[in-house]
Amino acid sequence: MSQVFSKSPEHCAKQGGLTIDKSYKKLFFAFSSFFSIVLAFIFLIWLTLHPAKPQFSLREADIYQLSLSGTHLLNSSIQFTMLSRNPNKKVGIYYDELQAFAAYKGQQITFDSFLPPFYEGHEESNLLTTSLQGTGLPVALSFGYEVEHDQTAGRIVLNLKVNGKLRWKVGTWVSGRYRFNVNCVSVMSFGPNAPTAPLSSNQAAQCFTTV
């Protein structure tokens, strides 16, 4: 006499559940492996290329106007020229959303001036020139006193700044946008016998760049 074994519905459900669990585990393992390989490949490319941040230097700065209207409203006119350089041999740089302004003792003394976007190839350099203006710009009540103090000391120090976003380019691949900030320090002679306008600095100065 042969014996017939029948499986209960509960037993079948358990077997089906095990099969589904194994499928999910295989799928998860395959996805994790693929993702890890992609990350390792990107990291390897980054280590190989390792793009260096762009370099900036101030070439010339001129103050045409820096005068108070009333006690704390400033009228200003400043022009400066900056050299940008891409030090990378295999990575190009796109510059987007560029804006420049001048600051004095921590306070902004011009409106933002917007520069056109541009591309900088491998080990390429570009000159950037912009004019900065300020009309009726509110400043601290101590502004006039600080300028007079600097004139007595014989020099005035300005910070010329550029903010924007950049994208790295490797072959046909272009990265996302990264914010960067440039801060250039300009020191100008400003004694009692200095010419009224413009005050000029033709001495090249290195700028500080953060990305």
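The following legends describe close-up views of a predicted model.

**View 1. Strand β10 and its two partner strands.** Strand β10 covers residues 178-190. Strand β8, made up of residues 154-170, pairs with β10 in the antiparallel sense over 13 bridges. Within this pairing, I156 has M188 in β10 as its bridge partner. Strand β12, residues 205-210, also pairs with β10 in the antiparallel sense, here over 4 bridges. N183 stands opposite F208 of β12.

**View 2. The disulfide between C184 and C207.** The model contains 1 disulfide, and this bond joins C184 to C207, with an S to S distance of 1.9 Å. The link is right-handed, with 105 degrees about the S-S bond. The pair connects distant parts of the chain, as C184 lies in strand β10 and C207 in strand β12, 23 residues apart. Both cysteines, C184 and C207, are buried.

View 3. N181 is located in strand β10. Leaving out residues up to four places away in sequence, N181 touches V162, N163, F208, T209 and T210. One of these, T210, is 29 residues from N181 in sequence, yet the two C-alpha atoms are 5.3 Å apart in space.

View 4. N75 belongs to strand β2, residues 73-85. The side chain of N75 reaches the backbone nitrogen of G136 at 3.0 Å. With neighbours within four places in sequence set aside, N75 is in contact with Q65, L66, S67 and S69, and also with G134, T135 and G136.

**View 5. The largest nonpolar core.** This core has 37 residues. Which residues have the most contacts inside the core? They are F56, L58, I78, F80, I109, L160 and V182. At least two core residues are supplied by each of β1 (55-69), β2, β3 (92-104), β7 (125-138), α2 (143-153), β8, β10 and β12.

**View 6. I109 and its contacts.** I109 is among the residues with the most contacts inside the largest nonpolar core. Apart from neighbours within four places in sequence, I109 is in contact with L66, L74, S76, I78, A102, A103, Y104, L137, F143 and L158. Of these partners, I78 is likewise listed among the core residues with the most contacts.

Note on methods. Residues are numbered from 1 along each chain as its sequence is written. This is a predicted model: local features need pLDDT of at least 70, side-chain atom pairs count only at pLDDT 80 or more; totals for chains, interfaces and linings use all residues. Side-chain values use heavy atoms; hydrogens and water are left out. Contact means heavy atoms within 4.5 Å. A polar contact is a pair of N or O atoms within 3.5 Å; within protein, one must be able to donate a hydrogen and the other to accept it, and residues adjacent in sequence count only if both atoms are side-chain atoms. Two strands pair if DSSP finds at least two bridges between them. A nonpolar core is a set of buried Ala, Val, Leu, Ile, Met, Phe, Trp, Tyr and Cys residues joined through side-chain atoms within 4.5 Å. Buried means under 20% relative accessible area, exposed over 50%, partly exposed in between (1.4 Å probe, protein chains only). A disulfide is a pair of cysteine sulfur atoms within 2.5 Å.
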